[in-house]
Amino acid sequence: MVSPIYILIMSLAVGFLLSIIDRAGRKISLTAFYGVLTFNVVLMANWLYRFVFLHVPTLVINTAGFKAPISINLELGLMEAFVLFFANLSGLLAAVYLFKKFKETQVSSLILYLLLIMGANGLVMTQDLFNMFVFLEILSISTFALTVLKKSRETLSAGFKYMIAGGVASTFFLLGVVFVYYFTGSLNLGNLSAGSFTNVGLVSVFLLSIAVFIELKPFPANGWALDVYQSVDSGIVSIIAVVNSAAIGFVFYKIMPLLPSEFLTVFGIAGIVTFLFSNMMGLKQDNAKRLLGYSSIGQMGLLLAALIFTANVQPSVRYLVIGGLFLNHLISKAGLFWLAGIVKQDKIKDWGILRSRKPLLVLFGLFIFALSGLPPFAGFWAKWEFVKVLVDAKMFFVLTSVLVGSLFELIFLFRWFTSVVKNTDETNEQLASPGKSKATPVIVFGLMAVISSFGIMRFFYEFNWIQVLPIFAVLAISLIDSLPSKVKGFLSLAAVAGYGYYIYPLLENNLQMFFGVIFIIGSAINIIATLNRKNQSRGFYGFLLMMIFSFGNLLIASTYLEFFLAWEFMTISSFLLILRGQKAQRASLLYLIFSTAGAYLIMVGFSFAPALSSSGGALINVIELVNLPLVSIIVLAIGFMIKSGSAGVHIWLPEAHAEAESDVSPFISAILLKAGVFGLLMLGISYISFTPSFDVFYWIGWVGVITALIGAFMASFQEDAKKLLAYSSMSQVGYVVAALAMITHLGWVSALYLAFNHMMFKSALFIAIAGVYYRTRTRKMYEMGGLIAKMPLSYITVLMSIIAVSGVPPLSGFGAKWLIYTAFITKGWYLQAGVLFFASGVSFLYLYRLIHTIFLGQLKYEHQDIKEAPVWFIIPQYIFMAGIMAISMFPNLIIKPLNVIAMKYFDSSIQIDGLTVISELGHWNGNLVMYVTMAVFAIPFILLLVLKGKTQKVKQFNIVYAAERPESPQTTHVAHNMYAHFRKALGKWTLPRVQLFWDSVAEWSHTLGGFFRRVYTGNGQTYILHIVVYIVVMYVVMGVK
Amino acid sequence: MISTLILGIALLIIGFYAMLTQKNLIKIVIGFSIADTGTHIIIVSLGYLRGKTAPIIDNAVNAVNAVQEVVDPIPSALVLTAIVIGLAVTAVMLSFIVEMYKKNKSLSIDDYQELKW
């Protein structure tokens, strides 16, 4: 097998020859140049293959005919081969990317580039400290010189700062090397260990390690690096961010065994601080490449911390964490830097131009998702395992910093992403074709991201195909995306049916089955409404299927990770669906931020949970044997309640529901929110068997009650029909949460009953409003009115649904109310019952408004010619109506199965006698109630028909002709600001305090970020001062004598 | 050995002081060079053994018992490499300054801070 030392030999030899053979023509020198780079990649690929699959031992290469430590030796093991394969591959691809530059520029650039790659290879393989210094300098000098490949004032000054900083760092490194030799008499890593250094000798390893650490750009001694990232040519900067960082990071890994553990802890914390602060400062950044710089610095900090804090865990996990973070950063960062060179726009807000090249836009999205640590990309798995490691080691400061930093990173990356996708300033500018040489590397890395994620899922976690199905759904639909939208719609319907058929036998438990009905059948019916889509709706059905399959996967998930994976897929797909809405940039971002924060909490909660004993089927079934610790329950509950839109963390909900496309809203509102309920039920099941001393669910119950009340009030004050429905969903799910928090039989029966009822009427309402919006093109209710004459079918749906919501007889809501109040009273939660009762009163306000303002009153002039909603909207509405009627007429249809479900966990508290449900407090016969109500309705109706006199119609806005014509006559109508008097009466209580709170959180983080980044004054001298002070501070903190 | 070590450290500190206080780019590089020289002197002083000669085997040093007669050769070997590298870095720095001066007609580091935050 070819020895890797030939990488060094070939690079040097060809490097020297290049200046000669270049005289024969650039073609020849370019062939030699790319030949060497390709040789490096192939060689390393081969070695990597041998280490991974043939398990060959670590290769030791002695030089100069002597064994180490007499001579310098190199080592190539699995880790080295892994890092070098990807470093060389990035080197080759970046060179391809720079092809046009290399064709024109002086030959010295090619030589420098080869030396740079050689330096990185040598740095990773060498085992000799002084040799390391030499390679470090080769790497640095060639990088310095390459920064001015594009010569401008900015690159020159950035390059100069970089050199000064690098010079200082390498001075310390050299001193460290010499002192190591002085104190131990050896320079070979094989002969050295932490024990080789006495107290006095520690100063030598301190100098050595701090110098490497400075090269890895710790906060705040890293201003020089940011300038380089911002100004230097994208091709070169991708190398600096990826290859240089990887090589120097590996040097740190190699000298780690020399460091005492106190040093390592301090370095680890410094790494985490870097991660947290650079991402916080990134929040304020609007220059694309500088933003990537902040992110790179942060990622290196995270990688270092992971290297240090996973030192004691089992190797396979450690490899996954470090390898995953490394690979993820390498692929996505290089990819994004290359894209930055293609887009050629400094400011993030000008990146909308990327929309004119769809494949590049997809790749951009891919890298952003990967970098943010979303599944299925490598960073996701690394983060999951890392969080687990940190929880097990009880390193909560580090854990919090990792999660908060990641959230900051996600925020700025997705602010960028959503602005690229949605930015509305119409620029008709077309992005010039990037050309093959620039596009190829980006595509290759895009594929690498996908392949590596599938590799991890297939070989590390050995997932079943069903767990990956959501991703395949997206891929499959993208293949047939050119078909008309209706065809894709029917195919999706068939796919959902097939999926339902497949998972049906896997649903062993009635509770799973119940949620299966909500998730799968509910979704299938809602798909019918999407068949109305006229345009091609590219991408829509892929993400829709992804979401629906993830719902189903939640039910059958058998491990924490499978559950979390399905949860994250659900979040991603719903985010992308919401983002499709016309003005959904802000709404979708808000949704993603809150969902991710929730997801992090769920991740932490699962990390606290004890390991599942064996594969005993779905998580929801085995969870009753799992004793969840209190902290786990609390954290998980908050995570789930974010998804169900509980008060305090609900501000994403109205925006997301309202701004999503109108046929997406029913999915988000009627089905997605139930995923949070499902999660809470799961906690409840464990809670029944292992009740902790602190009654968490009592407080969850209160949160539910408050949510119900706030939601109802907020809904009453909305002018926007969809926002009204959104707040109504929040309120209704509040009832569900409150009911299930009782942890009693009747509580759960009523919670599930409410959940089912809500799924049906809220779907129907959202689809009805979708139809109204489709015809009127407005969501403002006061701009509508009198639509009863034009859209009678939609009117009937809305009427029936609001009866079902409000809980007046005879429809299903009445049963729900009867059950829930009975449950509260038997539980003894009287105050909660009172508040909920009040909230029900408030819900009449918004429900009345919905029907009054949209359908009653007089028709607006502009709506004279509109028609009934399209048939695709009517069909699902009436399927849901049929469902509501069925369970209203024959409540046993649902009460009986729910009784059975809850009996698995509690003794039954109700009896079912024929059509009557008997509880401790009384009885309810839904069937009878129905007949009585029908009679009560029918008698006055017939009477009115008989007595119907002459009615005179008054034109609506004739007031305006009396005097001046108001700008917008609709606002003079009672329907506008309908409950102003209540609002006045409530006074300060109606202030959107939660919104204000989160606004100020956002403002504070941005202000803090803005404050801290002032340390980067731009002055090279200040940066040297930072480095010197940093070294002194670390010296003191580590207590080196 | 101690006196040269102190000299080296003093040069190192003077060099850093110059880098931190001088505004002129060339003076900063001179500061760097002084610090670099200080480092080299430290390296040599660490390998010095009192009363021994240079580690070159010639007429003055008998190859058989060279180990007893010469100073530690490794720091001497290292310092040669370090000097060469220091020279290269200094050269690159100075060439940057030349280009910077051509573009901007200024040698003050304060005039090169448009990239920040």
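The structure is a predicted model, in which local features need pLDDT of at least 70 and side-chain atom pairs count only at pLDDT 80 or more, while totals for chains, interfaces and linings use all residues. Residues are numbered from 1 along each chain as its sequence is written, and chains are lettered from A and ligands numbered from 1 in the order in which they are written.

Helices (H or I, at least four residues) and strands (E, at least two) are DSSP runs, numbered from the N terminus. Axes are lines fitted to C-alpha atoms, for helices over the stretch in contact, and angles run from 0 to 180 degrees between N-to-C directions. The two pairs are set out below.

| Helix pair | Axes | Angle |
|---|---|---|
| α21 (540-556) and α27 (665-689) of chain A | within 11 Å | roughly 25° |
| α31 (792-806) and α34 (871-889) of chain A | 10 Å apart | about 35° |

With this crossing angle, α21(A) and α27(A) are therefore roughly parallel to each other; angles under 35 degrees count as roughly parallel, over 145 as roughly antiparallel, 65 to 115 as roughly perpendicular and the rest as oblique. On the side of α21(A), the contact is formed by A:M547, A:F551 and A:L554, and on the side of α27(A) by A:F667, A:I671, A:A675 and A:F678. Two residues are in contact if their C-beta atoms, placed from the backbone, lie within 7 Å. By class, the contact of α21(A) with α27(A) has seven nonpolar, no polar and no charged residues. Here Ala, Val, Leu, Ile, Met, Phe, Trp, Tyr, Cys and Pro count as nonpolar, Asp, Glu, Lys and Arg as charged, and the others, Gly among them, as polar.

The crossing of α31(A) and α34(A) is left-handed. In this pair, A:L793, A:T797, A:M800 and A:A804 of α31(A) meet A:I874, A:Q877, A:M881 and A:I884 of α34(A). The residues of this contact of α31(A) with α34(A) comprise six nonpolar, two polar and no charged.

**A sheet in chain A**

Chain A has an open sheet of three strands in the order β3-β4-β5, with antiparallel pairing. Its edge strands, each pairing on one side only, are β3 (911-913) and β5 (923-925) of chain A. Direction ignored, neighbouring strands of this sheet are turned by 20° against each other on average. Strands pair if DSSP finds at least two bridges between them; β4 (residues 916-918) of chain A and β5(A) are joined in the antiparallel sense over three bridges. In β5(A), A:N925 is the bridge partner of A:T916.

**Individual residues**

A:V14 belongs to helix α1 (residues 5-21) of chain A. This residue, A:V14, counts as buried because 21 C-beta neighbours lie inside 10 Å. A residue is buried if 20 or more other C-beta atoms lie within 10 Å of its own, exposed if 12 or fewer, and partly exposed in between, with C-beta atoms placed from the backbone. Apart from neighbours within four places in sequence, A:V14 is in contact with A:A32, A:V36 and A:L114. From A:V14 to A:S29 the separation is 15 residues in sequence and 9.0 Å in space, C-alpha to C-alpha.

Two peptide bonds of chain A are described here. The bond from A:F219 to A:P220 is cis, with omega near 0°, and A:P220 lies in the loop between α8 (202-215) and α9 (223-231) of chain A. The bond joining A:P375 and A:P376 is also cis, with omega about 5°; A:P376 is in the loop between α14 (358-371) and α15 (378-392) of chain A.

A:E462 is not a glycine, although its phi is positive at about 50°. The loop between α17 (436-460) and α18 (465-479) of chain A holds A:E462, which is exposed, with 7 other C-beta atoms within 10 Å. In chain B, B:W117 is likewise a residue other than glycine with a positive phi, near 60°. B:W117 is found in the segment after α4 of chain B and counts as partly exposed, with 18 C-beta neighbours inside 10 Å.

**Where the chains meet**

Contacts between the chains involve 34 residues of chain B and 37 residues of chain A. On the side of chain B that touches chain A, two or more residues each come from α1 (2-21), α2 (25-47) and α4 (73-104) of chain B. The most come from α4(B), with 15 residues. This side of chain B has 24 nonpolar, four polar and six charged residues.

Methods: Left-handed = near helix turned anticlockwise from the far one by under 90°.
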